[in-house]
Amino acid sequence: MSTHDFEEIYTQYEAWFDPMQTDRQARRKRKPKAVHRPKKGRSDVLAEIAETTGLEGGFQTTYQPGLFEEGWLLDSLRQFYEMDYVSDVLARVRGGKEASVYRCQATPKTGMALAAAKVYRPRMFRSLRNDAVYREGRAYLKADGKAIKKNEHRLMRAIGKKTQMGEQLEHTSWLMYEYTTLQTLYAAGAAVPRPLAVGDNAILMGYCGDEYMAAPTLNTVTLETSEAHRLFAEVLRNVELMLKHGLIHGDLSAYNLLYWEGQITLIDFPQVVDYRANSSAYNVLARDIERVCEYFAGQGVDRDPQALTDHFWHRFMDGNKLNQAADASWLEADPE
Ligand SMILES: Nc1ncnc2c1ncn2[C@@H]1O[C@H](COP(=O)(O)OP(=O)(O)O)[C@@H](O)[C@H]1O
Ligand SMILES: [Mg+2]
């Protein structure tokens with residue numbers, strides 16, 4: 001079944017299965033809006049879901065997904081199961097607007113006891129968030145992580161016309177930016193989860209936490225001042241490492257920093273920005289740094305976000321301009 005077929009089937013249930021809505025009252029309040037009825041009868045739907053789940057495929061999970069979650073989840077993770085990277089899904093760590101993250105039992109092959117699977121939700125594939133700012137200057141990445149070239153007219157046209165294939169290409173690209181960024185940064189020694197594998201709708205990576213709980217996000221943690229200084233320096237080390245690779249996180253804040261055993265891990269990279277190609281890069285960097293400073297200010301670290309942004313910007317952008325100038329042929333052609 002193609003991703004598009006899944007989208008058709010599972011988006012019908014989005015209104016029913018919403019991990020963000022745990023509050024009963026909130027659910028009751030939104031009921032009048034959730035009047036989407038499945039076009040298919042319940043038994044057809046169940047048959048379709050059963051077809052796609054692990055029931056006949058041998059992929060049984062300890063975690064019991066909800067009815068409207070199961071097909072999408074198991075189909076998204078089946079590749080990792082077949083690659084012998086995961087043997088079980090243990091729990092849902094977090095349900096987010098765009099993705100849900102699951103704690104998985106990893107196999108010995110991975111060298112890890114547990115792994116985190118980030119499964120993009122069907123809704124994500126219907127309406128990507130307002131990502132125009134991030135997309136500027138970014139090539140589209142294919143499933144092999146390589147960029148679509150401008151002369152691949154058929155693919156570029158599909159994206160431009162937003163055909164079914166075009167939308168699929170956009171989704172793949174979004175996912176591949178997250179995955180390839182993890183690969184680049186992990187190899188460079190950044191504090192990011194180790195990337196293990198990527199599938200059509202999901203990324204498998206190192207898991208922060210233990211078998212009982214996932215690492216909390218830093219916004220929920222109160223730090224000793226000395227630890228706060230150490231971790232703030234660690235965030236800046238990572239921001240700098242990213243810039244060295246031409247990258248700005250684009251959604252950096254205490255919400256996308258995990259805290260576990262005194263260490264932080266940066267997560268959530270699909271919107272990463274190439275600062276050499278994006279005209280909003282300065283503002284994106286400024287916002288990332290402001291948000292980080294805002295959290296750390298509350299933990300006793302008083303730093304000026306504007307000064308930090310400018311420091312980084314001049315260091316990297318000025319270097320970049322120098323490189324461009326060095327490449328310019330008019331310099332050599334000048335008879336003077
Ligand atoms: N590698 C990981 N280990 C443990 N928990 C994770 C990991 N990656 C993500 N999470 C949890 O899942 C949540 C959502 O992941 P994230 O990548 O931030 O997606 P989004 O914010 O787009 O939904 C995070 O806030 C965090 O609680
Ligand atoms: Mg996040």
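User: Which way do strand 7 and strand 8 pair?
Analyst: Strand 7 (residues 257–260) and strand 8 (residues 263–266) pair in the antiparallel sense, over 4 bridges. Pairing needs at least two DSSP bridges between the strands, and strands are DSSP runs (E, at least two residues) numbered from the N terminus. This is a predicted model, where local features need pLDDT of at least 70, side-chain atom pairs need 80 or more, and totals for chains, interfaces and linings use all residues. Residues are numbered from 1 along each chain as its sequence is written, and side-chain values use heavy atoms, without hydrogens and water.
User: What stands opposite leucine 258?
Analyst: That's threonine 265, in strand 8. The hairpin has 2 residues between the strands, and glutamate 261 there takes a positive phi near 50°.
User: New topic: how many aromatic pairs are there?
Analyst: The whole structure has 6. Rings of Phe, Tyr and Trp (its six-membered ring) pair if their centres lie within 6.5 Å; planes under 30 degrees apart are stacked, over 60 edge-to-face, the rest tilted.
User: Why is the pair of tyrosine 295 and phenylalanine 296 edge-to-face?
Analyst: Their ring planes are at 85°, with centres 5.0 Å apart, so the pair counts as edge-to-face. Phe232, Tyr295 and Phe296 form one aromatic cluster.
User: And is phenylalanine 296 buried or exposed?
Analyst: Phenylalanine 296 is buried, at 1% relative accessible area. Tyrosine 295 is buried too, at 11%. Buried means under 20%, exposed over 50%, partly exposed in between (1.4 Å probe, protein chains only).

How values were computed. Chains lettered and ligands numbered in written order.
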